[in-house]
Amino acid sequence: MKARLTWIAVLAAVTIAASPAWSADGHVTFGSQWWTQNYNEAKYQEFVDRPKGAFLESFLMQDMQGPWALTLWGANADRKNQQYGLSLSNGVKYRFDFDYRGIPHLFSLTAKSLWTESAPGQFVLPDSLQRTNQEYSSAFGNTMTNALLGAGGTSLATQTEITRGRLRVRPAKGWQFDLTSSERRRTGRMAFGATQGVSAAYELPVPINQRTLDADATTTYSRGDVRLQGSVGLSQFTNDITKLSWDNPRRYTDATGTGGGPKTAQLALAPDNRVVRGLLSLGLILPHSSNLLASVSMADGKQDDPLMQFTSNSALAQSSLDSLPVRNADNHMVTITQDVRLSSRISSRMTGALRYHGENQDNQSAEIAFKGFSATDASWSATPVTTARHGGSRTLLGANVDFELMDGVNVGLVAENRHRELDDREFESNNENILGANLSVEKFDDLSFVLGYRLGDRKADGFDPGAYLYVNSTGGISTAELPGLRRFDLATRKQNALNSTLSYTFGPKFDISVDYTGRMDKFDETQYGLNKLDDHMVVGDGTYHMSKAVDMSGGYGFNQVDSRQMGRERVTRTGPADTAYTDWTANLRDRSVFVFYRGNWQAKKKLALTADYTFTRTLGTYGLSKTISKPWVVPGQDLPATLYRRHEVQLGATRKLMNDFDLTTRYGFDEFDVIDFAANNVPIVSGTLSSVTGIFLGENIHSYIAHSVALVIARRF
Amino acid sequence: MKKYSKLSAEEANSACLNCHSGGDHFYWKSSGHSRKNVSCVSCHSVHNSKDPSHTKLLKTERTSDLCVTCHKSKHLSITKSAHMPLREGSMDCASCHNPHGSPADRMLRAATVNELCYSCHADKRGPFLFDHAPVRENCLNCHEAHGANNDKVLASKRPYLCQRCHTPPSGHPSTFYDNPDLASNRLFNRSCSNCHSQVHGSNHPSGRYFTR
């Protein structure tokens, strides 16, 4: 239905445009494409629906004559990534915009699953299979492997469709009203983990049917030195599938104890939620070229879905809803932010700015005490659990001053204080002081240079060791985390950040620019967890106008991210108690290289050639090792490196057939190489036949080479 | 008649701001671009726009192509293997950032990072019965929004990402997963998330470990 409407809309637009009665201009581009891939790898069409055969690439129709201006445009018609838009305006007074876009996300074309979906979110297995596995549990591996030979393939992909409308009205000088509305609908399937225990990781092609509706009304008043804006809005998220249930391949009847489990397990998918929001902003132009902006916003979010029972295993007493202390989630979060910025020209050579930001996350959710839980539906843990109410507040106070030393040479200083108060975390607060300086030189017409540096010193306060402890099922105290762990999002940290850009123009033909950004984080008080994170990036690009007929541009980029973290694992051995553990270190490194080239050649008056090349390569290494070397410590063995590499080439030749007609032939080449131990050879049945640890969808990522050839006509009118 | 290429940024912008000072342009005067003397004509061309709809009047076909001429580091980031669909044209820089300014850091289109992410990923908004603290704190604790070398645009490969924060004295969360564990269901595929799939938060009464 949608495709038919699309074609009708497009044909109507083109017909109207071509009609002499209509004074529109624009273009339409269409053609035919063929492509091939040596392996059916989803990555080639991850976010793009590549046409095979005839396609309508784009169209634009504009009529700007008369009091009303109309623009109608579209791209990738009748493809999953199609986009359309309409804009209708009457001078500056009225304007209506509408657009629709589809965003595909293709994950895998090679997944297969033994489960069949009997109803949305409900996955079943043949009773005979469950009965056989329950009765002959030692043959589970063989039984499942044989059963999976006949498993059906399932495509894993989602489709997001976004429809937006905006009405803008300017009824009088200084006034503007905006009404915006959007609907985002997401459907499809994704791989999702559904565990039955530490050695029973199952993966299912979970269906998705979600919708988010947003609506906002904004009023702006702007007159002279005063600007005022107010906005109210609403966002409603609805999930048509909030429960996932799946048959347990090992059980036909509910049981507890060794080998126990439910016949059918279940988990809760994303709940419906709603946010009401508001924003008020004031802008004032003040004397001495000063500008004040103050904003306050509020977002009130609620989620109150009914709760499922503790467990679906009827052999456990807690399988009834009556075991729950409450029946609804009753979750509520209110976030209020305030921003004030004052900027001013202090003197003819000096400008400055002050900034305040405040943010308060008030988690008003009910604190619910549960008497225990059943993490995998096989057994009941009487460990009491109380829900946490994470939230807190943030404040930022900042000042910067820029001084023009001489024409084209500026220096600046920055000072900031960032303070965070935390609810229900292991730290009460943290406080960061930041100092920075920058220099910019734009003294010469052809040279510019920018250098900036910032040092941030963050201290975490009020560490509560009790946050790493919990009451266990026997009423005693157990340790959840090692006392030496410090979580990087809050921990004490020193951060050095450096950025620099150098640009030079060699006459009218050649310009080049190099940019460096670096950030180095050190967590000195962290014994376990992230100790260090360094991120360095250099990107350079240039443009060469070789002649009137030839233009080239290209660039190179390099990025290296290094992180070091430490952990400690318990080892099984006999011996002194202080050797029951061994520390380990991971020195992860990601190295990315990026090269691009673009060339245009007007070979003849009516012939233009284009060439595009992009290369990306990432190498990931892990640097795993045990921190101590002892006879009883098995040394660490590093993981194999992971590699992602891609070459993309696009060549085009465009021949002007007539004044308004162009014919383009295109050739595309895409080579994708991947070596990733986690993604290349994911087994469908993991573990061994006698000790199966999981059943997966087998959605591996595979290298491929693809070619495409297209013939495209562009008609302008 | 004015020759815009010879005017200062402030002078060039004053003509545009006569009409374009409301809606998305409200915060222009205090924006980072304004402070850096970026002018309207740096990005927009009234007479020769190249964007497909001709409604934004941009100098390039895609918004992202324009942004990366100055923000070069992001040019590399968006080409990494795990990315949001900017290169493919389904999103652009202006989907998340308002180049004309906003009250938030980095000119985000929402008051906080999380509120911005929830505008598309509302399924993560919750609040959940069992919230995962770093998720509530900031989505960027685990994700690199501009592009990453790990699936789901994660900042680091699992399980090491999770082990930055989880080191219990016993049990598998702090286990050293190295080469002999290549066949372990805690290392391949989604690693920890093979079982702990509800990592953004769980609304199930037994969801404290994000397995339900």
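Two strands count as paired if DSSP finds at least two bridges between them, and both helices (H or I, at least four residues) and strands (E, at least two) are DSSP runs numbered from the N terminus. The model is predicted, so local features need pLDDT of at least 70 and side-chain atom pairs count only at pLDDT 80 or more, while totals for chains, interfaces and linings use all residues. Residues are numbered from 1 along each chain as its sequence is written, chains are lettered from A and ligands numbered from 1 in the order in which they are written, and side-chain values use heavy atoms, leaving out hydrogens and water.

**View 1. One side of helix α2 in chain A.** Which residues of α2(A) (residues 127-135) are buried? They are A:Leu129, A:Gln130 and A:Asn133, where buried means under 20% relative accessible area, exposed over 50%, and partly exposed in between (1.4 Å probe, protein chains only). They span an arc of only 95 degrees around the axis, so they end up on the same side of α2(A); the arc is taken from the directions from the helix axis to the C-beta atoms. An α-helix has 3.6 residues a turn, so residues three or four places apart point the same way. The cover over these buried residues includes α3 (140-148) and β12 (243-247) of chain A, with contact meaning heavy atoms within 4.5 Å.

**View 2. Salt bridges of chain A.** A salt bridge here is a side-chain nitrogen of Lys or Arg within 4 Å of a carboxyl oxygen of Asp or Glu, and that rule gives 49 of them over all chains. A:Glu359 and A:Arg394 make one of these (3.1 Å, N to O). A:Glu359 is in β17(A) (residues 350-363) and A:Arg394 in β20(A) (residues 391-406), so this pair ties together parts that are 35 residues apart in sequence. A:Glu359 is buried, at 10% relative accessibility, while A:Arg394 is partly exposed at 22%.

Another pair is A:Asp457 with A:Lys494 (3.8 Å, N to O). With A:Asp457 in β23(A) (residues 447-461) and A:Lys494 in β26(A), the pair ties together parts that are 37 residues apart in sequence. A:Asp521 and A:Arg519 also meet, at 3.5 Å, N to O; A:Asp521 is buried at 3%, and A:Arg519 is partly exposed at 31%. Look too for the salt-bridge network linking A:Arg425, A:Glu426, A:Glu481, A:Arg487 and A:Asp489.

**View 3. A nonpolar patch on the surface of chain A.** The patch has about 710 Å² of accessible area together, and its members include A:Leu502, A:Tyr504, A:Phe506, A:Phe510 and A:Met546. Areas come from the Shrake-Rupley method with a 1.4 Å probe, with only the protein chains shown counting as cover for residues. β26 (493-506), β27 (510-522) and β28 (529-545) of chain A each supply at least two patch residues. A:Phe506 is found in β26(A) and is partly exposed, with a relative accessible area of 43%. Patches take residues with over 30% relative accessible area and no salt bridge, joining like charges within 9 Å and nonpolar side chains (Val, Leu, Ile, Met, Phe, Trp, Tyr) within 5 Å.
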